[in-house]
Amino acid sequence: MKKKLVIFFLLIFVGIEFASAQAVANVAYVLEDGSTPSGKITNIFNEINLNYDIIRDSEIATTNFSDYQIIVVGDSVDRDELLPLTQK
């Protein structure tokens with residue numbers, strides 16, 4: 001009985017941690033200046049409770065990407081060489 005109770009609380013704790021980790025995940029959605037965000041992509045972010053910021057191509061050089069856990073890059077981003085894709 002005691003072992004089942006410990007396992008139960010452990011599962012609850014892991015579930016809460018997982019849910020809170022998803023809720024605070026930050027996504028940088030990088031798009032070309034003037035382009036429209038994909039509704040399919042933003043719907044996916046919303047469905048899984050990810051917070052996202054849209055970063056325009058002209059903002060890449062001045063954006064602190066260390067604030068984000070995930071970087072999603074659109075098709076026609078001109079300054080993609082400035083993205084810190086090899087840094088953690």
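Mentor: Helices (H or I, at least four residues) and strands (E, at least two) are DSSP runs, numbered from the N terminus. Read along the sequence, the protein follows the pattern α-β-α-β-β, which comes to two helices and three strands. This is a predicted model, in which local features need pLDDT of at least 70 and side-chain atom pairs count only at pLDDT 80 or more, while totals for chains, interfaces and linings use all residues. Residues are numbered from 1 along each chain as its sequence is written, and side-chain values use heavy atoms, with hydrogens and water left out.

Of the 88 residues of the protein, 22% count as buried, where buried means under 20% relative accessible area, exposed over 50%, and partly exposed in between (1.4 Å probe, protein chains only). In soluble globular proteins, nonpolar side chains tend to be buried together. A nonpolar core is here a set of buried Ala, Val, Leu, Ile, Met, Phe, Trp, Tyr and Cys residues joined through side-chain atoms within 4.5 Å. The largest such core has eight residues, namely Ala28, Val30, Ile55, Ile60, Phe65, Tyr68, Val77 and Leu83. Taking contact to mean heavy atoms within 4.5 Å, and not counting residues up to four places away in sequence, Leu83 touches Val30, Ile60, Phe65 and Val73. A second, separate core of five residues includes Tyr29, Leu31, Phe45 and Leu50.

Aromatic rings also deserve attention, and the structure holds three aromatic pairs; rings of Phe, Tyr and Trp (its six-membered ring) pair if their centres lie within 6.5 Å, and planes under 30 degrees apart count as stacked, over 60 as edge-to-face and the rest as tilted. The rings of Phe45 and Tyr52 have their centres 5.3 Å apart and their planes at 45°, so this pair is tilted. Phe45 counts as buried at 7% relative accessibility, whereas Tyr52 is partly exposed, with a relative accessible area of 27%. Phe65 and Tyr68 form a tilted pair as well, with 6.3 Å from centre to centre and 50° between the planes, and both Phe65 and Tyr68 are buried. Ring pairs also link Tyr29, Phe45 and Tyr52 into a cluster.

Leaving aside its neighbours within four places in sequence, Thr63 is in contact with Ile55 and Tyr68, both of which belong to the largest core. A polar atom of the side chain of Thr63 lies 2.6 Å from the backbone oxygen of Glu59.

That loop also holds Asp57, one partner of the one salt bridge in the structure; a salt bridge is a side-chain nitrogen of Lys or Arg within 4 Å of a carboxyl oxygen of Asp or Glu. The other partner is Arg79, and the closest N and O atoms are 3.7 Å apart. Arg79 lies in the segment after strand 3 and Asp57 in the loop between strand 2 and strand 3, so the pair ties together parts that are 22 residues apart in sequence. Asp57 is buried, with a relative accessible area of 1%, while Arg79 counts as partly exposed at 34% relative accessibility.

Terms used. Polar contact = N/O pair within 3.5 Å; in protein donor to acceptor, adjacent residues only side chain to side chain.
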